[in-house]
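Please keep the sequence and the model in view while reading.

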Amino acid sequence: MGEHVLILHTLDKDLTAFVEDRVKSDGLNITRSYSLTSKNETVFIISAHDKLIAEAAELWGFLKSEKTGLKSEFSVDHEKRYIPPYTSNDGSLFMPSEKSYITHELLKRIKMKRVPDCFPRVSSGILPSDPLLLSLERADLGECWPLHSPCKTSLEIPWKKGPFDRSFCDHVNHYFGPNVALYFAWLRYYITCLTISGVTGFLVFLYHFVNPHIDVDNSLVSPIYTAFVVTWGVLFVKGWDRKCAALICDWGIVPDKWRREIRPNFQGIKRISPITGLSERYFPSSQRVIRYLTSFSVTLLMLVIAFIVMVICLNLQGYIHKYSYSRNYLLIPAISSLCDKGQYFDRSGHGPLPYFLPYIPIIFRVVIIQLLNRIYQSIANILTDWENHMTHSQHENALFIKRFFFEAFDCYIALFYLGFIEKDIYLLRGALVSLYTVDSIRRLSTETVIPFLSRKAKRYTKSSSTNTDPVEGVLARDLEMVNYEQFDDYLEMVIQIGYVTLFAGAFPLAAPLSLICNILELYSDSFKLTHVTRRPVVHRITNIGVWSILVKGIVLLSIFTNLYIFCYTSEQFLNYAPWLFIINKLSPDEAVKAGIDRTHDIAPGAGMTVITIVTTLEHLLLLLTAGIWLLIPAHSSSVSDENMRRDYVKFVAVHNLTPDSSGRPLKLLHDPESD
């Protein structure tokens with residue numbers, strides 16, 4: 001179950017013979033090989049025998065369960081001491097994900113030794129000391145990924161149990177590894193926590209529904225719900241830290257703190273590593289600063305373009321009009337007039353085809369957002385490659401941060417404009433509902449339905465045509481699948497957390513709608529992993545990385561956005577303290593365009609009082625946030641005790657120590673004073 005597919009984008013016999021020789025010389029097995037003449041490709045199926053896997057597991061300090069129920073570092077000499085994981089169905093000590101990880105790591109450690117004449121030495125800068133797999137990727141000559149198991153039982157057990165089964169994530173870790181299992185664990189935990197805020201948000205919605213004269217603008221309940229959501233967000237972040245630590249402890253994942261996975265495209269000068277003492281490529285960070293500034297400038301230009309597109313879309317939807325605060329510098333009369341009464345995109349229902357045409361600008365905006373995101377995705381990839389990060393983790397973090405901030409800007413900028421510039425809670429709520437609904441439908445269709453139907457159509461076309469390639473079964477299916485991209489899965493959920501928390505005071509239904517969408521997303525992602533994408537490479541990670549930091553930032557920002565909605569965008573604060581504000585009535589034309597019939601301003605002489613109250617509320621919420629983060633430990637006591645026990649056992653083994661029979665904790669096996 002640790003078999004890997006290695007594809008060479010060539011049929012050159014010298015190169016294929018060279019690769020085959022290097023793979024076999026390092027103890028790996030090539031179980032099958034194929035020549036795909038129709039694609040000009042050579043396919044190797046590579047595996048590692050059980051003895052090699054066991055030796056690698058001992059060398060890399062894999063933790064396995066003993067018969068006592070405790071975990072300790074695996075030892076080949078004491079193999080009978082250990083028991084198979086409860087998710088195993090074949091009695092093997094090592095899970096398919098562990099076999100896959102070890103096989104991939106062994107593949108990555110194979111050195112070139114020499115650069116054959118058939119290899120593009122000059123164009124790719126390949127050196128004899130470079131790893132074989134990295135060199136093939138750098139020269140665009142090959143790619144490698146784990147092969148799906150031919151045993152359907154291993155693949156189907158997690159999904160048959162259902163995503164909400166308690167052992168679901170353990171089975172996902174068993175087959176796919178911790179990088180995939182942690183995503184599903186995080187999504188499941190998010191759904192579980194969302195149940196609380198979802199039910200509360202739905203009750204707030206029902207309260208507004210049964211009281212037609214009360215809505216999000218003047219509700220006395222909405223501020224309470226907002227404070228609840230902010231607190232919920234902080235507890236969700238802290239709770240996940242504890243949940244993640246418990247899962248990693250239970251799965252026995254030990255990170256390699258000293259090991260750095262070098263990117264294939266990393267370029268640099270040769271030097272001796274201060275960490276390992278081995279030869280490595282090095283790129284000075286001072287040179288990267290200049291590249292960072294270039295990336296920032298290009299990204300800023302793209303953000304300006306996104307802002308201009310946002311202005312056009314808001315004019316097209318009628319959100320920017322002749323009564324807007326920004327009419328002097330953002331109004332485009334030729335476009336905004338299309339939303340006037342009786343025109344094509346009139347949202348009041350007086351135009352032609354009122355149940356269809358007013359939704360065209362909404363669909364147009366979602367399509368434009370996706371188009372801009374696709375364009376910037378390509379630009380971000382180019383910029384991040386040019387920044388020349390050494391490791392995969394550094395490269396991925398830089399790419400993730402670029403794409404997140406651009407796509408978050410793209411999704412949120414119109415909402416921030418309506419909520420904090422126009423201060424119109426009805427337009428803000430309308431934009432949230434329309435954008436959220438259309439985007440949810442788009443996400444489900446583009447991630448799962450369309451790729452699945454496309455693969456089915458490709459297989460049907462292939463079966464009706466003549467195919468001379470000698471592949472079938474699991475390999476044939478894998479070759480038709482696409483690579484698994486986890487970035488979009490996390491990004492969509494993090495953006496959604498922004499909808500739930502940043503605008504809780506304007507859109508209480510965001511939480512219950514997100515709950516329903518995420519349940520569908522959980523099943524959709526499960527389906528995608530088994531029927532649409534290839535088996536992902538296993539990474540033994542210990543957390544979800546930068547995504548956790550971004551969620552913390554969103555939750556912290558939600559304190560300020562919701563306070564602004566409470567105090568200025570809506571009349572919620574006004575209903576609690578009407579003597580601090582004055583009411584401004586709008587004309588009928590302004591009311592139709594703005595969606596509200598009045599506005600409010602701070603009463604003369606009450607400015608300092610309002611600022612004091614707002615600042616006090618802000619500080620109280622910040623203190624509450626800090627208190628939760630500081631007072632609740634990141635690990636439960638049982639996890640801390642187990643981690644300390646493992647460190648103690650390792651310390652004893654490394655320093656050749658043994659318990660003292662006289663009652664003292666430890667003594668040296670060889671005591672110098674006894675000589």
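Does lysine 528 count as buried or exposed, given its relative accessibility? At 7% relative accessibility, lysine 528 counts as buried, where buried means under 20% relative accessible area, exposed means over 50%, and partly exposed lies in between (1.4 Å probe, protein chains only). This is a predicted model, in which local features need pLDDT of at least 70 and side-chain atom pairs count only at pLDDT 80 or more, while totals for chains, interfaces and linings use all residues. Residues are numbered from 1 along each chain as its sequence is written, and side-chain values use heavy atoms, with hydrogens and water left out.

**The chain as a whole**

- The protein chain contains 23 helices and twelve strands; helices (H or I, at least four residues) and strands (E, at least two) are DSSP runs, numbered from the N terminus.
- Of its 675 residues, 51% count as buried.
- The accessible surface of the chain comes to about 32,400 Å², and carbon and sulfur atoms hold 62% of that surface; accessible areas come from the Shrake-Rupley method with a 1.4 Å probe, and for residues only the protein chains shown count as cover.
- Among contacts in the chain with a separation of 6 or more, 70% join residues 24 or more positions apart; contact means heavy atoms within 4.5 Å.

**Nonpolar cores and a surface patch**

- The largest nonpolar core has 88 residues, and Trp186 and Trp547 have the most contacts inside it. Helix α8 gives the most to this core, with 14 residues. A nonpolar core is a set of buried Ala, Val, Leu, Ile, Met, Phe, Trp, Tyr and Cys residues joined through side-chain atoms within 4.5 Å.
- Leaving aside neighbours within four places in sequence, tryptophan 186 is in contact with several residues, including Phe236, Trp240, Tyr490 and Ile544.
- A second, separate core has 38 residues, among them Leu6, Phe18, Ala56 and Leu107.
- On the surface, Val199, Phe202, Leu203, Phe205, Leu206, Phe209 and Val210 form a nonpolar patch with about 660 Å² of accessible area together. Patches are made of residues with over 30% relative accessible area and no salt bridge; like charges are joined within 9 Å, and nonpolar side chains (Val, Leu, Ile, Met, Phe, Trp, Tyr) within 5 Å.
- Phenylalanine 202, one of the patch residues, is found in helix α8 (residues 178–210). Phenylalanine 202 is partly exposed, with a relative accessible area of 39%.

**Salt bridges**

- Side chains of opposite charge can pair when their charged atoms come close.
- The structure holds 16 salt bridges; a salt bridge is a side-chain nitrogen of Lys or Arg within 4 Å of a carboxyl oxygen of Asp or Glu.
- Glutamate 3 forms a salt bridge with arginine 32, the closest N and O atoms being 3.7 Å apart. Glutamate 3 lies in the segment before β1 (4–8) and arginine 32 in strand β2 (residues 29–36), so the pair ties together parts that are 29 residues apart in sequence. Arginine 32 is partly exposed, with a relative accessible area of 32%.
- Lysine 528 forms a salt bridge with aspartate 525, with 3.7 Å between the closest N and O atoms. The two residues are three residues apart in helix α18 (residues 510–531), so about one helical turn separates them. Aspartate 525 counts as buried at 2% relative accessibility.
- Salt bridges that share partners join Glu105, Lys108 and Arg109 into one network.
- Within helix α3 (residues 96–108), glutamate 105 and lysine 108 are three residues apart, about one turn of the helix. Their closest N and O atoms are 3.0 Å apart, and both residues are buried.

- The 30 residues of helix α9 (residues 222–251) should span 44 Å at 1.5 Å a residue, and the end C-alpha atoms are 42 Å apart, which agrees. The expected span is 1.5 Å times one less than the number of residues.
- Just after α9, glycine 252 takes a positive phi of about 70°.
- Asparagine 643 and glycine 252 are 391 residues apart in sequence and 9.8 Å apart in space, C-alpha to C-alpha. Asparagine 643 has its place in helix α23 (residues 637–654).

**Positive phi outside glycine**

- Lysine 113 has a phi near 70°, a positive value in a residue other than glycine. At 61% relative accessibility, lysine 113 counts as exposed.
- Asparagine 388 has a positive phi near 60° and lies in the loop between α13 (360–387) and α14 (392–421). Asparagine 388 is buried, with a relative accessible area of 4%.
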